[in-house]
Every structure is written in structure tokens, then in C-alpha cells.
Amino acid sequence: MDSSEADITVIGPESGSVFVELKELLRYSELFYFLAKRDIKVRYKQTVLGGLWAIIQPAFAMIVFSVFFGRMAHMPSDGLPYPLFVYAGLLPWTYFAGALSSSGESLVVGSNLITKVYFPRLIAPAAAALAGLLDLFVASFLLAAMMLWYGIYPGPAAFLLPLLAALLFFCALGAGLWLAALNVQYRDIRYVIPFLIQLWLFSSPVIYPASIIPEGYRFLLELNPMTGIIKAFRLCLLGGTPDWVSLLVSAAVTFALLISGAWYFRRMERTFADVI
Amino acid sequence: MSTTAIKTEGISKRYRIGASEGYRTFRETLTDAVKAPFKRLAGLGHPVPENETVWALNDVSFEVKKGEVLGIIGRNGAGKSTLLKILSRITRPTRGRVELRGRVGSLLEVGTGFHPELTGHENIYLYGAVLGMKSWEISRKFKEIVEFSEIGRFMDTPVKRYSSGMYMRLAFSVAAHLEPEILLVDEVLAVGDAAFQKKCLGKVGAAAGEGRTVIFVSHNMGALETLCHRGILLEGGCKVFDGGIHEAVSKYLAKSLETDKSPLENCRRRGAGKMRAVGFRLETPGGLPLEAAKSGEPAAFCFDFENRSCGPEERVSVSFSVQNEREFGLFHYYSHFSGVYFTDMPAKSTVRCLLPSLDLAPGNYFVQVCTKVAGETDDWPQVLLPLNVMGADFYGTGDPNLSTWGPMLVKGEWSLRRST
Ligand SMILES: Nc1ncnc2c1ncn2[C@@H]1O[C@H](COP(=O)(O)OP(=O)(O)O)[C@@H](O)[C@H]1O
């Protein structure tokens, strides 16, 4: 039998060490995978158009933005066709917004799970954020089609894309951890999330290029981790070399967000089942 | 060799209650945060005042040996669920320490994590993962699980189209194939139809036979007595008894008789209140206190009355009704149905109604008492008095395991008339 000496669990008032927790996360990696799969399946089953929604949403936003900002307001777009410019930004953005809100809500939505079974709680927001990656993948087919249409091809930097997707995931997860943990304690967060996402959209270079921000203020924009990620996404796909400094700043801010989020989440974790 | 599987040392759990019920409003915190920035946000705030908290568990220690089957008994609010939640790591104790040796599986609710949109097949895997099974384990047992559930034909139907019975069957079947070394089971086995329930209880029993350690919480005294060797009685979060299961059960039943008197004295009531019911207990036909009502055995329902302003001429009819846990009424019996009225009531009296055979299935029921004086409802306490009925040899066949398919039991004469 596997009731080896190693299989002793000690439960006390304090959270276990980080090392023990990482081991727990590994042990429950299957649940993580099943929960993400569930989210995907349910989303694709419940709706008539299923996976098409993953394309319709950003495509529709692209059309609206192209008409209002591209055509009417003549927003500059770094020399690219505006629809392509804005869609390349909307891809990571749509994922980020979706992942942020679903991971922020994950504990409250799954409160039944939280109060009735044990698993490392971190899995809930992480699975919610992971599930959105499939939509990102699906939506990128439209981008590929548009690139063919406009005759614009990715540069050699495209090999960075998987890394960027990972960074994007961690960024959404970092912010999602904060929101999820806060949401358990303060239900007002539910109403803050959509508002926060809207504000965040306007402070990220999705609709506009970072270059229209005056030099003196650009560092403020760069502190937003999504800035570097979106810029890099565009450059990787539509040609050009990434702005390494900007990307490194984004990565640093992302990891600061992730580590602080995980810290806060862990702090509050032991009260989740009691107050949710 | 008997090794320790579970060891708890002085575990206590404090819950916050009162004004801010669980989660707090953001404003409350913001004002606090201004006063003590960051502290509140990080949960390091000032200690919560003692009167806003409740100790759901208080300094509970025990040890469970490998292969032992332990029953936890207590009234509602005694802390049973809290104890299981701590053992299954859903919540942390405020104080104390627990040591568990071996893989733990807990069933606090059946079907947690089931998703209505997914098919039976998909839900088996999902629920298995929720319960901590590995997917190779589920694949290996998949056929067995489907067979056990007896609803194999519906594996590709979304669970939302299942009847609640099918839903339960599927969930149970997955749960029953969980093979942890330590199994924690809450009330869950109390649902589902009787035959399937028995199958599940059998599975728990088998788990015990295979050397697994089981902790079982239930209000079903019959199931506890058949499955467990040892019982712990909890009261107000404290361990008040730890020993043989039979002794634990009778202690619990005796306690519930003692304490059930008081709810009648301070509760809301309707009616003029010339007469007042102040106590309820069960007696044997011989007038001794009846610790446990048993299916098919005689039971006398006794109600203590105080006469406040009822004249000697006024005709009093006393009634009691019994309902099940789902508040489904089973019967309501006024003494005047049998043509019995009481007159000339003394200051203190006891009205007794002897039922020659209590034809209720084993389970938990509630009794309500109501009194009419001169045809008017005079005293109707708004309180449900618990009545626990245990299984007994109802049919005289020597088998105390009774059907709990419905609340009533009947017995009669069976015969076969041949038509040729
Ligand atoms: N999340 C919670 N928040 C506040 N109080 C709770 C919470 N859970 C349980 N309690 C309180 O703890 C006590 C014990 O409850 P419980 O363990 O559910 O008892 P049992 O399972 O024996 O009925 C009760 O007084 C209950 O009100």
C-alpha cells in the first residue's frame, strides 16, 4: 500500500510552508486540468454558436473601433491598417479581460466546491484563467486570415508568441488572484471588476498606439504590464523587433503582481470556507 | 499491529458571527483601513470581540486507530460538520493540531462539482477529480462505477436531464469507488432510495472491512450502530463522551429527552393559552422514560400541562402531529377524534397517549402539540420537538433493517389464492 511515512498530513492553525504547498499543487494538477476542461466544455456546449463566440466578440469590437477610431477619428496605427492594428491588440486584451473576470469570480461562483471539498484553492482562479487560452487560440484564426488579406506576414520574432501567451496568463492570474481573494471578503468587488476592466482597457495601448502618449508620461503607461505585452504581440505578429525594455518592465510588473497576489491569496485562503 | 490513523490534539474552531455575518462590506474595511492601513487588508486586524464569535469546537482531542470505524453523534449545531471540515482540510482550526496518516477522502455532500451541462460520463471524471482520484484510477474503475449506478444507458445524457434519483445514484457510485485510507462521511447517506442506500452503506461497511479508517456522521442511529464500533458524542463543540457506539447512542438519546422539555417553555405560541403544554417525553407502556422510540414497538406520547385559567367545565382536547424532516405531515391526532375530552384540569397534569405500535420507519421526525379548549385552538406552541425512531424487528422476522422508502410502515397478512 501507499500509506508510506511520507503520507502524513498535519493540520494546524497556520498555513503550511510554501514548499508543502507547491507539492500540493502538483498533486492536484489533474483537478486543475479537469476544471479548466469543464469551463471550456460548458462554454462551448451551452451556446448555439459555441466556439464562434471566441471570434465574434473581438471581431465585433474590431469593427466598432475601426469605424469610430480608425475611420472617423483617424487614430494613428503605427503605419498598419487600423483594423489589423486594433485586432492584434484586441486578441490579448479580450483574453486578459475574460480571464481576469472569470478568475476574479471563480471562488464565489465555485463556493459550493470551496465549502465542501478540499483542494489547493489556487487551482480555482488558475483553471479559470487557463480555460480562456483556447478562445485566444480560436480567435487568432481570424487574425491569420486578416494578415493574409492585407498581405502582412509575421517576422522572425513570432517564435516569442508562446512566451508572450504565458506572460499574459500570469498577468491575468496575478490580478485575478487579488480580485478572487478580495471578492470572498468583500462582495463589492463583483461590481468593481467590470469597471476596473474598462479603465484598464483605456490605459492599455489597444485602441491607440503607445506612440501617441507624450514622451514625458509614457513611463506611466509602461507600468501597466499589459502595455509591454500588447506592444510585443503586435510587433511579433505584424513585423518588427520587440521593444525589449518595455517587455522586461512588463514581465517584472507581472511577476510582482503574481507574487503579491499569491501572497495575499495564501494569507486569506484559510478563511475562505468560513466566510464565503 | 494497530497504528494511529488520525490524531487530534485540542482542536478548537472559532467562527465570527453577528452584525457583519461573514464577509464584510468594503466601506467598513475602508474606514478601518484609514485607521490602520494594510493591517485589515492582510487579515492582521484587531482581535474580534469575544461576543461576536462562537466556538463551534472546543478543545477536542481523540485518536483513531487504523481500521476503526468511528461515529460522531450530536444535535444540530454541536460541531460535527465543523469537525469533519477540519479533518478534511476545508477549513483550518483556530487552535490545535491534527495528524492524518494516509490518503484522505471526504464526502461532505454528494455530487459537489457536478455540472448540469455535462454528460454523465464527463461528470464521472470531473467528480472523481474533485474527490481526489487520479484519472487513471477513474478509467480503471469506470465500468464498475457505471454498473454500480445502474443507469448505464444515460451516460451520454447531460446530467441536467436526470431525475434527482439518477443524479444521486451517479454521484454515489463515483463516491463509493473512492478508495482512500481514511474516509470521512457526513450525513450524505441519508438520501436516495432505500435499496440504493443499503448498497452504499454496504460499501462503507466493506471499506471498514478492508482496513480503512472511517469517520461517520449521521443522525441515523440504526446505521451508526450497525457500522461503527466506537462513538464520540459532541455537545456544544465539546467532546462529552467517547466510547462504545451503543453507549454513545443511548447517552445521546437520553440527553435529547432531557433537553427537549425546555423548548416548549420558551417559544412563540398561538392561542388564548388557558392551558399550556410545557413538556414532552416518551414513555414505555409501564410509565418508564423511553430512551429510544422503535419502529413497531409501543410508545406513549406524554405532554405536561399547566392550567392557567381553564374552568372545570371546559372541555379540553389535546392533539399531537408528526411530520418528517421535509416538514411533510404524517398524521395529526386529537383526543376528541377518539371521543375523549378532558375536564376539570388540575394546575399541573400530564396527558398521555399510548400508541400500541409506532408504525414509523426509522428516521428523524418532529412532533407538534396543539390543544383546543371548548372547540377553540387554545395553545399551539410553534416548535418542532424532535422524535428519533430507531429500527427494530417490526415484522417479527428477526431483521431490524427496515425500509426507509417512505415514513410509514405497514404490516398485514399476505396470502396467495390460486385461481385454478
Ligand atoms: N461558516 C460559519 N460561520 C459562522 N458560524 C458557523 C459557520 N459554520 C458553522 N457555524 C456555527 O458553528 C456551530 C457548529 O456548527 P456545525 O459544525 O455545522 O454543527 P453540526 O454539524 O453538528 O450541526 C453552529 O453554532 C454554527 O452556527
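User: How many residue pairs are in polar contact between chain A and chain B?

Analyst: In this predicted model, the count between chain A and chain B is 12 residue pairs in polar contact, both residues at pLDDT 80 or more. The side of chain A that touches chain B takes at least two residues from each of several elements, among them strand E1 (8-11), helix H1 (18-27) and helix H2 (29-46) of chain A. H2(A) gives the largest share, 9 residues. By class, that side divides into 22 nonpolar, 9 polar and 17 charged residues.

User: What is the area buried between chain A and chain B?

Analyst: About 4,400 Å² is buried there, and carbon and sulfur atoms give 58% of it. Three residues, A:Ile11, A:Lys116 and A:Tyr186, supply 16% of the area that chain A buries against chain B, more than any other three residues. In contacts, 48 residues of chain A meet 49 residues of chain B.

User: Why is the link between A:Glu24 and B:Arg89 called a salt bridge?

Analyst: Set the distance against the cut-off. The closest N and O atoms of A:Glu24 and B:Arg89 are 3.5 Å apart. A salt bridge needs a side-chain nitrogen of Lys or Arg within 4 Å of a carboxyl oxygen of Asp or Glu. The pair A:Glu24 and B:Arg89 therefore counts as a salt bridge. The rule finds 3 salt bridges across the interface of chain A and chain B.

User: What lies behind such pairing in general?

Analyst: Side chains of opposite charge can pair when their charged atoms come close.

User: Is B:Glu122 buried or exposed, and how do you know?

Analyst: B:Glu122 has a relative accessible area of 17%. Buried means under 20%, so B:Glu122 is buried. A:Lys41 has 25%.

User: Why is B:Ser88 called buried?

Analyst: The relative accessible area of B:Ser88 is 5%. The limit for buried is under 20%, so B:Ser88 is buried. B:Ser88 sits in the loop between helix H2 (80-87) and strand E4 (95-101) of chain B. The side chain of B:Ser88 reaches the backbone oxygen of B:Leu84 at 2.6 Å. Not counting residues up to four places away in sequence, B:Ser88 touches A:Tyr118, B:Ser106, B:Leu108 and B:Leu184.

User: How do you know that B:Glu137 and B:Arg103 form a salt bridge?

Analyst: The closest N and O atoms of B:Glu137 and B:Arg103 are 3.6 Å apart. The cut-off is 4 Å, so the pair passes. The pair links distant parts of the chain, with B:Glu137 in helix H4 (residues 135-149) of chain B and B:Arg103 in the loop between E4 and strand E5 (104-107), 34 residues apart. B:Glu137 is buried at 5%, whereas B:Arg103 is partly exposed at 22%. Elsewhere, salt bridges that share partners join B:Lys7, B:Glu9, B:Arg97, B:Glu99 and B:Arg101 into one network.

User: Why does A:Leu142 count as partly exposed?

Analyst: A:Leu142 is at 23% relative accessibility. Buried would need under 20% and exposed over 50%, so A:Leu142 counts as partly exposed. A:Leu142 is found in helix H6 (residues 123-150) of chain A. Leaving aside neighbours within four places in sequence, A:Leu142 is in contact with A:Ile55, A:Ala59 and A:Tyr87.

User: How many salt bridges are there between domain 1 of chain B and domain 2 of chain B?

Analyst: The count is 0 salt bridges. The two domains still touch: 9 residues of domain 1 of chain B are in contact with 6 residues of domain 2 of chain B. They bury about 760 Å² between them, 60% of it on carbon and sulfur atoms.

Notes: Residues are numbered from 1 along each chain as its sequence is written. Chains are lettered from A and ligands numbered from 1 in the order in which they are written. This is a predicted model: local features need pLDDT of at least 70, side-chain atom pairs count only at pLDDT 80 or more; totals for chains, interfaces and linings use all residues. Side-chain values use heavy atoms; hydrogens and water are left out. Contact means heavy atoms within 4.5 Å. Buried area is the accessible area (1.4 Å probe) that two parts lose on being put together, summed over both. Helices (H or I, at least four residues) and strands (E, at least two) are DSSP runs, numbered from the N terminus. Buried means under 20% relative accessible area, exposed over 50%, partly exposed in between (1.4 Å probe, protein chains only). A polar contact is a pair of N or O atoms within 3.5 Å; within protein, one must be able to donate a hydrogen and the other to accept it, and residues adjacent in sequence count only if both atoms are side-chain atoms. Ala, Val, Leu, Ile, Met, Phe, Trp, Tyr, Cys and Pro count as nonpolar, Asp, Glu, Lys and Arg as charged, and the others, Gly among them, as polar.
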